[in-house]
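Q: I have a new structure open and I'd like to learn how to read it. Can you walk me through some features?

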Amino acid sequence: MRKFWCLFFMFWPMLAIAVCVVAPTNGWWFPSVAPWELGQQIDDLFNLLLIITTVVFIGTQVALGYVLWKGTTVKTGGAWFSHGSHNLEVIWTILPAIILLFISLYQMDVLARIRVMSQFPEQARDAPVAEVSARQFEWRIRYPAPGKKLMPQPQPTDLYTVNDLHVPVGKPVMIRLRSEDVQHSFGLPELRLMQDAVPGLVIPVWFQSNTTGKYDIVCKELCGWGHYKMQGELTVELQEEYDAYLQALQAKMNDDGFSAEANNAVAQSNED
Amino acid sequence: MSIATHDTAGAHSHDDHAHGGHPEIGFVRKYIFSTDHKVIGIQFLITTLLMLMVGGALALAVRWQLAFPWQWMPIAGDLEVFKDQGGIISPEFYTMLFTMHATVMIFLVIIPVLAGAFGNFLIPLQIGADDMAFPTLNMLSYWFMWPAIVLFGISFVIGGVTAGPAAGWTSYPVLSAIASAAPGSGAAQTFWLLAVTCVGVSSMMGSVNYMTTIINMRAPGMTLFRMPMTIWGMFITAILQSFALPVLTAAGFMVLFDRTMGTCFFVPAGLVVNNADPTIGGGQPLLWQHLFWFYSHPAVYIMLLPAMGMVSDILCAFARKPLFGYKPMVYSLAAIAGLGFIVWGHHMFTSGMNPALGMTFMVSTMMIALPSAVKTFNWIGTLWGGNLIFTTPMLNSVAFISMFIVGGLSGIFMAAVPVDLYIHDSYFIVAHFHYVLFGATLFGVFGAIHFWFPKMFGRMMNDNVGKLHFVLTFIGFNGTFFTMHLLGVAGMPRRLADPFNYPYLEHLLPLNQFMTYSAMLMGFAQFLLLGNFFYSMFWGPKCGRNPWNANGLEWDAPSPPPHGNFDSIPVVYRGPYEYSSPLTDKDYLPQTEYIPPRPQPGTT
Ligand code: HEM
Ligand SMILES: [Cu+2]
Ligand SMILES: [Cu+2]
């Protein structure tokens, strides 16, 4: 019976590892390769932790299996009368301590580059591309007019959209993140990034994408019944396209839906 | 030495003394408003087992929505209240479901089953006392659970199925602080907060009592380092509770005031929440997170340390071996408790607090994995070379080790802040805490129920049914929760009523369905436990004082122990784990057994 239970307890770790091995080919893994360096470093860090923890996982589960399989080591059938081992205690305290300390120091750098304002790339820090204000249940986006800088206070020339954030490709960009009502969280899973939007705070967030395309903006902090549908879209495009987008947005904003048509009509009649 | 001998005459006189002039206690005083720690413990146990089924039903409803979004809900779908929405789970109801699931499981199951049920039942028995230090306070601590249960119940049903407590168990403001932020949650969220206060009062009464009892009422010879690990776990938990809980209670009142009286502890100015006055403000939502996690991080250990202790006892009893490294086990418990107070910020890595603060929290969090690792190694060491007996409690305890390893290791991923920026608030977190809270704690509790049941009722539970329950739960558990790590890595956020709204998550639907089927299996398996429990209570085979041949003091008392517990005050001669000692021919050596010193060869 002992061996049966040993196999029972050993079966599941093997299954768990097998599931993890086939996971990436089934799409049960990271959504796609992160399109920027820091995102990839986060993945690398994850993989490093995965290696370390897998070794520990296998080691401890095998040790557990071994002691279950082996049972008593005493010839007469009783149990080994032992209160422990001082040396073993010292070893298995110091060794994990070193590994854990190593892990926590090793990742400081990536963390600092993502989070500490003074470490942000200068061009991003000086010129935020947009202000993203979360509210139940949408993302409101405020851009400065082309050629202008984003001011902390809204300007008459500012451009607005909802749930549709555009940024240029291949360069660091910074947004100012706010919340207008409850707490939300600005999540870019494909970029491995998230930052809570906290009422009353303005939080700078920087990122970069080296490939053009569309990415999901996900609200990751419970913000009410409509939390699940608080979905936005990040469009990363070439600088020309981005400029054109802002121009078009400006044209649309300045258009009152009436005078342009009238002007057209006047121009038309003048031609006639 | 006369008190050390177990003659029945001594027992008799003790009994007479205990009941003095009141030989008869009425039914109500004996079983309902009882001040006997054993009855209170059993009351807690039965209440929490029933709450476990309630919490489980809520969880299954959550799982239903994740596997079959917006589809007619089985069983409950036919109820009148769901008519308006066609028998489906609305997003509002989904939010209530996971809020109440977590609330019930944490405040009405895990915390009270450990401290309330086993703490009450075991502390006096294991330290050799006749009752708790403050029996009436003890009774109140149980009865303060009921206002909480009623208030939680009211908060759940008051608004029908479209409005209720909707801010998650973490209740982050501003969502929880301004009633109009979650329409309809008005009174419900308020009742929810009051209920949390009541469970807090209940726990506080318990902790004060446990600390006093353990410090003052130990039997002669029961030095601190002869206490079983269960007692150490309960003791340190009680200390954690009494330091951390006041913070939560105060914070809870602050939100309550924000909601009902317009104070603005957590509400900054300039918000445009539905119709709320935008000019008020001046508060800071992050303050709540600091206060809440200052309690709730220690609380996750409140939900674990007693189970760690009980599992240590069970493992020794069925490995017939002393605990490997008793003192390191005690010190690591203390280290967890100490470090537990300086890591709360790891729940706030993405909250926008100062990154420098985040870094210090990262280091302290990494370090708290260390005592956890030391404990794991020592448990494996305890089994090493043991004369293993695979009873139901033993199987559950081995599962505890195996599952705790996973929960501890996944904690490391989240403690690494850059990685947490991706997996925070995803299903990876959900996997992590279910591995520790269910995989470890609840399996430990299952083990403890089967282990101490004979002492509680003087009857044995059926071992085969126990094993079947264990196997099904274990399979269902891993099927449900291991896969959640993968969902988390694939980026699926928690708390979404319909994650498949997002194109990048659509392909995860089949995996979610598999998890839901596993969860159903696990849910049904719990009826085996309940059936076994209540059947054995009345019809299980009778057992003697010490059915497992274990060492602890509790096995020295009759099963079930009478009012006043022991025949005579026990005297303790050694630690609780002297199994297979060469000093005797039996493979166990109870703490109370006196062995005359052997004449030393060469002397005389
Ligand atoms: C090995 C040591 C552990 C480490 C390093 C660790 C680390 C963490 C971290 C960093 C988080 C926050 C993750 C996030 O929200 O992004 C977390 C969440 C959590 N942990 Fe642990 N943990 C450990 C052990 C435990 C234990 C033993 C328990 C319970 C018995 C536990 C219960 C929880 C719970 C309930 C949450 C989630 C709370 C919520 O957001 O609702 N953890 N853990
Ligand atoms: Cu949101
Ligand atoms: Cu924590």
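This is a predicted model: local features need pLDDT of at least 70, side-chain atom pairs count only at pLDDT 80 or more; totals for chains, interfaces and linings use all residues.

Q: How much area do chain A and chain B bury between them?

A: The general idea first: interface size is often given as the accessible area lost when the parts come together. Here chain A and chain B bury about 8,500 Å², with 75% of it on carbon and sulfur atoms. On chain A's side, A:Trp12, A:Leu222 and A:Tyr228 lose the most area to chain B, together 9% of what that side buries.

Q: How many residues does each chain put into the contact?

A: Chain A gives 94 residues and chain B gives 103.

Q: What about polar contacts and salt bridges between chain A and chain B?

A: You'll find 17 residue pairs in polar contact, both residues being at pLDDT 80 or more. Salt bridges across this interface come to zero under the rule used.

Q: Which element provides the largest share of chain A's side?

A: That's H2(A), with 15 residues. As for residue kinds, the side of chain A that touches chain B has 56 nonpolar, 25 polar and 13 charged residues.

Q: Now the strands: how do S1 and S2 of chain A run?

A: Strand S1 (residues 130-135) and strand S2 (residues 138-143) of chain A run antiparallel, joined by five bridges. A hairpin of two residues links S1(A) to S2(A), and A:Ala134 sits opposite A:Trp139 in S2(A).

Q: Which residue in S3(A) is the bridge partner of A:Tyr143?

A: Look for A:Leu159. S2(A) pairs with strand S3 (residues 159-162) of chain A in the antiparallel sense, over four bridges.

Note on methods: Residues are numbered from 1 along each chain as its sequence is written. Chains are lettered from A and ligands numbered from 1 in the order in which they are written. Side-chain values use heavy atoms; hydrogens and water are left out. Contact means heavy atoms within 4.5 Å. Buried area is the accessible area (1.4 Å probe) that two parts lose on being put together, summed over both. A salt bridge is a side-chain nitrogen of Lys or Arg within 4 Å of a carboxyl oxygen of Asp or Glu. A polar contact is a pair of N or O atoms within 3.5 Å; within protein, one must be able to donate a hydrogen and the other to accept it, and residues adjacent in sequence count only if both atoms are side-chain atoms. Ala, Val, Leu, Ile, Met, Phe, Trp, Tyr, Cys and Pro count as nonpolar, Asp, Glu, Lys and Arg as charged, and the others, Gly among them, as polar. Two strands pair if DSSP finds at least two bridges between them.
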